[in-house]
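Student: Please take a close look at one part for me: the pockets and the residues around them. Keep it brisk, and give the cut-offs as you go.

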Amino acid sequence: MGTKTAAILLTACLLLSACTATKPESADSSNHQDSVTSDLSNSAKDQSSKSSPKGSSKQADSDEQKSVSTTNTQNDKTAVKSNETTVSTTAVTTNKMYHLDKAYNVIPNQQGVEKKVVLLTFDDGPKEAVMINKIIDILDKHKAKAIFFVNGYRVKEHPELLKLIHDRGQPIGNHSWDHIVLKNKSEAEVKKQIETVQKIVKDTTGQAPVFFRPPHGAGGDVGRKVAKENGLLYMTWSVGSLDWTMKKNQPHKTETLLKNVTEQLHPGSNILMHELPWTAEALDSLLTRLEQKGYQFVDPQSIEIPTS
């Protein structure tokens, strides 16, 4: 009995061991089945996605719409900024803060605009490149602009000098073709004297003048009429430097010029000077003196021009 019992017990143990050994495999199989099921599910989803281009197209269309919307928004913002810049630049360029009174003084258009200003002008050019550059160098040093009133016959002789003034950023004015007294001339002659200068300046620089000063300050009613018809602001001056009365060998010309200007100086002064060597020599001292007295230099572009 003992041997049979032992044999039975051994057989039972072997059977029990075999049953227990199949359990981990069953678990692995279950996990593998889950993995396969997941893979099949994912594959089905992928297949469904591939077999449903409409859904994919809708998503693409949606993304494209978002992209276009974003691009349009960015473009709109850029356009707004561009428009704002354009408007701002135009406002600065076209803002007319001053006008000339009957005595040709510079007058503010409204309260709050600086009154203590002077307008700088140079007549009878263009003459010499060295002198023009010296004058404009000094103007640039003092951050000033001046109207260069030119004669047509001089422009015809040296158009490159007119272009020099223009290229260096200084306004050009019309001073008639021949520098003659206009007030006693016929309207036809005055038109010729003024309009031929308008044409040659525009042909040379691309811009026609908007300021007119009659030679010797004598344009008369006919000069005013023709100037207005050509969209020109007519002016003479309110402060004369008297530089044209000085002689080459005259001593102390700089001191004399400073005295001539400062004795007449007042807010809104329209200062007449010429393209002369001694004026160029005295200019830095003059502008420094004006600044010390609290004066600013008006930009001619800020002066109103009458409509024709």
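Tutor: What follows starts with the whole chain, goes on to the pockets, and ends with selected loop and helix residues.

This is a predicted model, in which local features need pLDDT of at least 70, side-chain atom pairs count only at pLDDT 80 or more, and totals for chains, interfaces and linings use all residues. Numbering runs from 1 along each chain as its sequence is written, and side-chain values use heavy atoms, with hydrogens and water left out.

The protein has 9 helices and 10 strands. Helices (H or I, at least four residues) and strands (E, at least two) are DSSP runs, numbered from the N terminus. Of the 308 residues, 34% are buried. Buried means under 20% relative accessible area, exposed over 50%, and partly exposed in between (1.4 Å probe, protein chains only). Among contacts between residues at least 6 apart in sequence, 75% join residues at least 24 apart. A contact is a pair of heavy atoms within 4.5 Å. The accessible surface is about 18100 Å², and carbon and sulfur atoms hold 53% of that area. Such areas come from the Shrake-Rupley method with a 1.4 Å probe, and for residues only the protein chains shown count as cover.

Now the pockets. Rolling a probe the size of a water molecule over the atoms shows where empty space is left. A pocket here is an open set of points on a 1 Å grid over the protein atoms alone, where a 1.4 Å probe fits, with protein on both sides within 12 Å along at least five of seven lines; lining residues have an atom within 4 Å of a point. Grid points are joined across faces, edges and corners, and a volume is the space filled by probe spheres set on the points.

The largest pocket has a volume of about 430 Å³. Its lining has 21 residues, and Pro171, Ile172, Gln207, Val210 and Gln301 are the closest to the centre. Helices α2 (53–94) and α6 (187–205) each give at least two residues to this lining. By class, the lining of the largest pocket has 10 nonpolar, 8 polar and 3 charged residues. Ala, Val, Leu, Ile, Met, Phe, Trp, Tyr, Cys and Pro count as nonpolar, Asp, Glu, Lys and Arg as charged, and the others, Gly among them, as polar.

The second largest pocket holds about 180 Å³. Of its 15 lining residues, Asp124, His179, His216, Trp244 and His274 are the closest to the centre. Strands β3 (117–125) and β9 (269–274) each supply two or more lining residues. The lining of the second largest pocket divides into 6 nonpolar, 5 polar and 4 charged.

Backbone geometry deserves a look here. Most residues other than glycine have a negative phi, and most peptide bonds are trans. Asp124 has a positive phi of about 70 degrees and is not a glycine. Asp124 lies in strand β3. Asp124 counts as buried because its relative accessible area is 14%. His179 also has a positive phi, near 60 degrees, and is placed in the loop between β5 (172–174) and α6. A cis peptide bond joins Gly125 and Pro126, with omega about 0 degrees. Pro126 sits in the loop between β3 and α3 (129–141).

Asp178 is in the loop between β5 and α6. Asp178 has 38% relative accessibility, so it counts as partly exposed. Beyond four places in sequence, Asp178 is in contact with Tyr153 and Gln193. Its C-alpha is 8.7 Å from that of Arg154, 24 residues apart in sequence.

Pro267 counts as partly exposed because its relative accessibility is 45%. Leaving aside neighbours within four places, Pro267 is in contact with Lys115, Lys116, Val117 and Tyr295. Pro267 and Tyr295 are 28 residues apart in sequence, and their C-alpha atoms are 7.8 Å apart.

Asn105 is in the loop between β1 (98–100) and β2 (106–108). At 12% relative accessibility, Asn105 is buried. The side chains of Asn105 and Ser238 make a polar contact at 2.8 Å. That term means a pair of N or O atoms within 3.5 Å; within protein, one must be able to donate a hydrogen and the other to accept it, and residues adjacent in sequence count only if both atoms are side-chain atoms. Beyond four places in sequence, the contacts of Asn105 include His266, Gly268 and Ser269.
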